[in-house]
Amino acid sequence: MAEALLLDAALENIPYGFCVWSPQFRLVMWNQHYSDFYGFSDEVLHRGMSLEDVVQLSARLGNHPDMSPEEFYETYTGELLANRNGARLKSQEVVRGGRTIETAHAYSPALGWVVTHEDITDEVALTEVVQKRKLELERQNIRLDAAVNNISQGLCMMDARGRLVICNEPYARIYSLPEHLLRAGTQLEDILGHLFDMGMSTGGTRDDYIAWRRDVIARREYGKNIHELNNRTIMMQHHPMKDGGWVSTHEDITEQRQNEARIQHLARHDALTDLPNRIEFLDQMAKAESGLSRGEMAAVLYIDLDHFKAVNDTLGHAVGDEVIKQASARLWGATRETDVLARLGGDEFALLMRPIDGPDAAARVADRIIQSIGQPMLIGGQMIEIGASVGIAVGPGDGVKTDTLVKNADLALYKAKSEGRSTYHFFEAGMDAELQQRRSIEAGLRLALARNELRLVYQPLLGLAENRVICVEALLRWDHGDRTVSPVEFIPIAEETGLIVPIGEWVLREATKAAAKWPGAVRVAVNLSPIQFKNRDLVSLVQSALTDAKLPASRLELEITESLLLAENETTLRALHDLRGMGVRISMDDFGTGYSSLSYLRSFPFDKIKIDRSFMHDLTSRKDSQAIMQAVIGLGRSLGMSTTAEGVETEEQLALVRAQGATEVQGFLFSPPLPPKALLNLLLAEAKAAAPALQKRAG
């Protein structure tokens, strides 16, 4: 009895559940832990109870919820039978409350199956946590490996003792490191020794670099170094860690440096010609200032291509670019090795010559430039001719500061262009005042229309056969401030700036409106600038002006100069034919002053040619002038064109041109330019005087 009590006490105090099944699957004994695990009350279990009944009871209490009672019974008895055959099995099952119970079976032929039941819920949970942490660590390692080996920068981690912990593939690739130097534990100085042996250059000695690295490591500071290896530029950055180790990043910046150098080059050089640009030129000029202040002589040449704009406008920007490139090559060939040639923009170039012995050196180079640029260029199968104008300022006489020399060279260039182009001119005192005057005219001209400062005067043309005014030329005047600016001063500026286009439209509309008020069929003549013909809407503009003024097209004459036909382009000729087709008369002004005036008479059938006043000065005293006048008038008559002799100021001149058959005369002998009201009074007086004669003829 005492032994039985001891056995019961032992069974109840073991830390796990315990039960015994007979060979016939009957319950022999169990302890309280067993009952507690499965929720069996003391009343429901009894000795001899079948395993099947216990399983059914267990299922009703919520145990092993993932299996039906039948499935669990079949599985459990299978394990017991397997154990009887010598297999030592352990299995797990889930009981009520989500606890996990691990069972172990031991078979004895005398007793049956001795089964222990242990609650391993906490162990399972802990195992799952460990597994999760292990999986997460593996994932992190995978991510770290992917990140480290897929960044473009090389990465190397060293411990506090300077031993390699990890490095990535880009690091090995950048330095072409052998396998044995990539192993964990490799010393930094072994790697550096190899790199220096391979030719790494750090901008100093090997000892200097190693001493610097040791100092950065000891101080635990950030450090950066750029070095060269195998024609590549590499940037190393040293990042200290708290434990005394460090991470270094290594980036191949060869292309970046090349791009930076290219960008820096482009910032100071012209993209089309690769010559220095304005920024670089002014920097070079500034460097020359110290020499100029010591009395050394230098020259600045400003160069402008003549007629380039016409080439660009008529043949296109591609041809224009090629002209610029060929011109820059020719300019380069005309300079010296020590000179600085720059393209300032458009068709403008500048040349710094230093040192020079005197102004003659600059003049010789300028002459070579003009001769070289003046040679025809063959571009795209076309022969293109341009020229070059050059302005020269010589320091220190013309200035020792950059801005002064540049300004004076520009002033000299303007003078060269105003003297007919394709020449050079040195700076002279007083040029600045001329430029200021020009700028004042340009600034005022931009506001002249808005301020109503422009006005028209009218000079009559006398018909010799009719002996009366048959046409009136509209002439532009500008009252600016307290003076009247001569057209000789402001018309060239208006053409250069493009202001002639709106001004020309104003003249056309004012003249046609005025002519509409004149008596009879008196015509009005309006001068057109070649610049106005670049306006594709010129024909429409003329039609609009005539329509608004209610003036017949036959009463409008448009005067052009032969410079308009210099290029003989189709657009210009088409516009002239369209205007003439409307009934507008076309007149060539200043005939005889150009070198090819006669050829232009074949380009277009003019209605009138106006013989330039320059032929009138010595008409009465020189036989050759009379012969030329007679020939031009005869040419006009044979071509069916009327002729106007300009500048008639004496009775003798009038008699000669009348005798030679001129159609019209214009000049101060008959009338100076008149204001609109005075002209209208003149025309009304003529009309009144002619009325009786007309009535008599009609009678």
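A word on the source: what you see is a predicted model, in which local features need pLDDT of at least 70 and side-chain atom pairs count only at pLDDT 80 or more, while totals for chains, interfaces and linings use all residues. Residues are numbered from 1 along each chain as its sequence is written, and side-chain values use heavy atoms, with hydrogens and water left out.

The structure holds twelve aromatic pairs, a pair being two rings of Phe, Tyr or Trp (its six-membered ring) with centres within 6.5 Å, called stacked if the planes are under 30 degrees apart, edge-to-face if over 60, and tilted for the rest. In one of them, Tyr107 and Trp113 have ring centres 4.9 Å apart and planes at 50°, so this pair is tilted. Trp113 is buried at 0% relative accessible area, whereas Tyr107, at 26%, is partly exposed; here buried means under 20%, exposed over 50%, and partly exposed in between, with a 1.4 Å probe and protein chains only.

Turning to charges, the count comes to 31 salt bridges, each defined as a side-chain nitrogen of Lys or Arg within 4 Å of a carboxyl oxygen of Asp or Glu. One of them joins Glu664 to Lys608, with the closest N and O atoms 2.7 Å apart. Because Glu664 lies in strand S26 (residues 664–666) and Lys608 in strand S24 (residues 608–611), this pair ties together parts that are 56 residues apart in sequence; strands are DSSP runs of E of at least two residues, helices are runs of H or I of at least four, and both are numbered from the N terminus. Glu664 is buried, at 1% relative accessibility, and Lys608 is buried as well, also at 1%. Through shared partners, salt bridges join Arg523, Glu557, Arg585, Lys608 and Glu664 into one network.

Another salt bridge links Glu280 and Arg268, at 2.6 Å between the closest N and O atoms, and since Glu280 sits in helix H10 (residues 278–293) and Arg268 in helix H9 (residues 254–268), the pair ties together parts twelve residues apart in sequence. Glu280 counts as buried at 14% relative accessibility, while Arg268, at 24%, counts as partly exposed.
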